[in-house]
Amino acid sequence: MDWDPIQDMAEAESLNFDDETSIAIAKVYLMEGDDEYRNKQPHNAIHFYSEGLQVNCRDDQLNAELYSKRAEASFYLGYYQETLDDASVAVALDPTLIKAIELGASAYVQLQLQAEAIQWCQKGLSGLQRESYRAEPIAKALQELKVANEEEKEGDVGNANESLWNNPNQSGNLKKAIEYNERRLKTAKKMQDKIGEGMAYESLANLFHCSGDFRRAVEYQKLHLKISKEIGEKSLEGRVYGNLGISYRAFGDFKKAIECYECSLKIAKEVGNKVGEGAACGNLGLAYRALGDFKKAIYYHECHLRIAKEVGDKVGEGGVYSNLGNVFRGLGYLTKAIAYHECHLKIAKEVGDKAGEGIAYGNLGSDFRALADFKRAIEYHECHLRLSKELRDKAGEGRAYGNLGNTYHSLGDFKRAIEYHERDLRIAREVGDKAGEGRAFGNLGIAFHSLGDLKKAIECYKWDLEIAKEVGDKAGEEAACGNLGNAYDQLGDFKTSIEYGKRLLNFAEELGQKSVQAAAYGNLGSTYDKLGDISKSIECQKCLLQIAKEIGDRNLEGGAYGNLGNTYYKSGDFKEAIEYYELRQKVAKEVGDKAVVSVSFYQLGQSFEGQGSSTNALECYRSSVMMFNEIRAALEFKDEWKINYRDTYSHAYNNLWRLHLNRGEVIDALFYAEEGRAQALKDLMEDKYGLKEANSQSHSFERSANFSLTSIPSTTVFVAFSEKEIFFWVINSDYEVELRKKGIEDHSLEQNVRTFITSLNHNLLKEITVRDGIKCENRSLDEPYDVTLTTERAPVSVSHSTPPGESLKKMSDIIIAPIADLFHGDDLILVPEGPFCLVPYVALVNPTLKYLSELYKIRMMPSLSTLKLVTNCPTESHNKTGALLVGDPCLEEVLYDGKRLCELPFAKKEVEMIGRILCTAPLIGKKATKGEVLKGLSTVALIHIAAHGSMETGEIALAPNPIRESHRPREKDFLLTMADVLQAQLRARLVVLSCCHSARGEIKAEGVVGIARAFLGAGARSVLVSLWAIDDEATFQFMKHFYKELVRGRRVCEALDQAMKCMRESGDFREMKHWAPFALIGDDVTLELNGANAI
């Protein structure tokens, strides 16, 4: 049943409290709110002040105070309109309430209503006429507002924010808030107002703390402490000790922080302040956790929990659960951590503590990230982000972005991680949080490091280090030194790496941080290992292990075992390596870290293989891959996550099939090589064809009778490669499999297969496409456009690094010659890997120098599983008739990457010609909108798109939707993305992408991730793509031949074969660059295209 506020009020009135009782209840709520506000819990304070107002007592002065206090809490949070609303009511009830008048003026200033602020102060002064001595602050504020107003008219705001009383959440306010409090301090000193002086010191300390300048924060807290001692206020002194400890802890001086917290605890006990006692215990717990003394941390947090329960402090109780959860996560006890954080979340929801709720979501996200449950981790971090935005908590928003970046980093999506860390950095700068800025630079450095961009990584780490030094953030300085050491280690600059490692160790020893000492030993051990100094490496790793055991940190302990295993493995001592890897795995299983369990299985496999125990190695590799698959399955239909996660852990899959091959187990090797191919695409296709439930056993990864080659067409060639060899499994018509190998030693001694084939294919494409240059309109979104927006075409000029035809011959010798004698029949299906996906197979030649396209109808598939899926999918899964033709969308309103896109008259001519052949009206110009294209994708058997496309992202530029949010089209209004395609209910038998380089994309372990894959995953049965840009007239003629064959009822492969033949036999387009760019991916389908199928 929904809440009825009218009924609720009626029920409250029916209680018939007398005036005295109502006033007493309201006062209790006022005091509760004041306590929360003093403890820096403004959201909770607002809750209690609101409860007090709902009592509806008849004391106007008390109600005015409640409204004024709620306005003050709202102002602290940056809710200026709410501040103004409450201040207005407060002043109406009590015109002499100075604080409410000040808050109203400040709110007007923040809302940039300078004139209204002046009027407000003038009105406030009129209400204070009888109490002129109290009107002085308002008069002074009014005078400064008038001056500021004049300055603002001249373009200089100056000190307009005199009334900006301490709102550290707003960055633009920070400097002005500091200036105000410095003036406030000066005034208090002049008037010998010790209490005012202390309050100014406290405000300045808080402001510098929020800005990340912990050194200045400590200075002001010390001054406040001196004042509190002078005036003999013990409760205040205890609170200031607590605040000083917080600044020391942020500063990284944990020993001094503990000293301050102990003083705070002692005073709280002396004066009988239970809440203060609990807070001091909680702070001690945080400090001991930072030092790595987890036993003491747990002890003090449990003391805080007992006190919180004793005094009925639910918010404090929730905070303790949060801190305990963080301790247990640090120790590696993730199940306990989750249980505590769920307790915190439950309490935060019960008491309406939105800020605490956000923190709980963030902590749960970090817990599930540690468990490798990335889906739930991202969900929780997104909840934290949503709440932070709702509360206008910019610092919380930045932390949420940082946590999301870390989670995507764990998924292997480093680009997305960088995007989130850059958002965190922008917010930190926006709010003036120097420590947060350093943290964001550190995270960006780690992401660039993982991408292999060590130059950028070191640049970010140095920024982090510089900021940490500037603000006195010892912990940040430590982290930056550790990261720099790792980066220089990877660069091979071991001397510099060791220098940073030793600096980190010295920092940690100076501050008494056991866990950081352990990490420093781990880094130094890794570097000594690379230098070949095995004894020093082992010595460092054993120091790490000893500290990890001392402090009870299971994660560090497991890492130490892994590092020792790595060192012994590299030294060839496989027996010792196995012992340590087994210990690492045992710890990982105990703490529930599936990713580390999987990695340790892989490491054990390598060690057993090194020992010559292939049976044990195979068992470990299988277990590793099964665990990775289990984690991947938990990602469900998050396609991009799966792609990146698979890319991160490719070694286990590769070692598994290669070891089977070494044992002569050809079919088993094929099964495991195939199992690692196009996994995420297979999931998408199974879902589209309604086969997901039937294939739910696929993640078990056990070789069984279900792996059948009987539905694989002949001849199918499955290609894989190792460091120096290429492997071909040729599946023949009688379902026999023959394996052939080809080494590249005769061609390249220095390069590995991946680099060699990539380079060779690059040279081959240059030979094909630029011998005489090509003339084509620019359909690429990646290449620069002429600023005049003309469609003038210019020849491409590239010098040759090899004689004409040399690369073609070499590629044919490597890929075709070893297996040409095994080809049977007219069809040839290739299942390539990595750079082999972009080879123009139709242009390769057999040993008799015949083009393959003259002998076979050639198509490609991402994997054998996807080949079986398209071959065996139900007939009703795809449309039989209908065509959607899209050409030259109108982009006159569009700016893409700051540039305008040129018209494509040949694309228009192309689809108009196809439309005449198919009796179908194409979508051209302004009719070719994104909305219309998406609407038509699911209704047709054929889709043909001739438009601007990106070879990097697979995006296609369409005419912007006429109905949109903004006047200037945004990318979402005109870009057809891979995500858009995957969400479309596609039922097309054939998709033709007549865009520049539409076969390309990012090459990952999953395969080529581009627009062609997106159409296959969305349900298309086959996709025709181009490997390079070809001459406009040649494209026109090619498509003319191709579609004429299709309407005659020929299969796509036959039509493609015939179109190439016609081009080869023509006078103008017989060169390879004109007839060889198109490749078919998917099934060899027929379409019913005769008749008027206009849409």
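Author: Happy to! Let us start with the second largest pocket, which has a volume of about 1,300 Å³. Please keep in mind that this is a predicted model. The pocket is lined by 33 residues, and those closest to its centre are Asp413, Arg416, Glu640, Asn644 and Met978. Several elements give two or more residues to this lining: helices H21 (414–430), H32 (639–648), H35 (679–688), H43 (978–983) and H44 (1011–1018), together with strand E12 (1002–1004). The largest share comes from H21, with six residues. If you sort the lining of this pocket by class, you will find 16 charged, 12 nonpolar and five polar residues.

Let us stay with H21 for a moment, as helix H21 is also the place of Ile427. Is Ile427 buried or exposed? Its relative accessibility is 5%, so Ile427 counts as buried, the cut-off being under 20%. Leaving out residues up to four places away in sequence, Ile427 touches Lys394, Glu397, Gly398 and Tyr401. Of these, take Tyr401: Ile427 and Tyr401 are 26 residues apart in sequence, while their C-alpha atoms are 9.5 Å apart in space.

Two or more lining residues come from each of strand E13 (1007–1009), H44 and strand E15 (1078–1082). H44 gives the most to this lining, with four residues. By class, the lining of the largest cavity has 17 nonpolar, three polar and six charged residues.

Next, have a look at Arg859, which is placed in strand E5 (residues 857–860). With a relative accessible area of 10%, Arg859 is buried, because that value is under 20%. Its side chain reaches the backbone oxygen of Gly1082 at 2.8 Å. Apart from neighbours within four places in sequence, Arg859 is in contact with several residues, including Pro713, Leu828, Cys1053, Leu1080, Gly1082 and Asp1083.

A cis peptide bond joins Ser714 and Thr715, with omega at about -15 degrees.

Leu849 sits in the loop between strand E4 (827–831) and helix H38 (852–855). Although Leu849 is not a glycine, it has a positive phi of about 65 degrees. Leu849 is exposed, with a relative accessible area of 63%. Cys919, in the loop between helix H40 (905–918) and strand E7 (923–925), also has a positive phi, of about 55 degrees, without being a glycine. At 44% relative accessibility, Cys919 counts as partly exposed.

To finish, step back to the whole chain. It has 47 helices and 15 strands, and 57% of its 1095 residues count as buried. Among contacts between residues at least 6 apart in sequence, 67% join residues at least 24 apart. The accessible surface of the chain comes to about 46,200 Å², and 49% of that belongs to carbon and sulfur atoms.

Notes. Residues numbered from 1 in each chain as written. Predicted model: local features only at pLDDT ≥ 70, side-chain atom pairs only at ≥ 80, totals over all residues. Heavy atoms only, no water. Buried < 20%, exposed > 50% of the residue type's maximum accessible area, 1.4 Å probe, protein only. Contact = heavy atoms within 4.5 Å. Areas by Shrake-Rupley, 256 points an atom, 1.4 Å probe, with all protein chains shown as cover. Polar contact = N/O pair within 3.5 Å; in protein donor to acceptor, adjacent residues only side chain to side chain. 1 Å grid on protein atoms, 1.4 Å probe; cavity = no way out; pocket = protein on both sides within 12 Å on 5 of 7 lines; lining within 4 Å. Points joined across faces, edges and corners; volume = space filled by probe spheres on them. Nonpolar A, V, L, I, M, F, W, Y, C, P; charged D, E, K, R; others polar.
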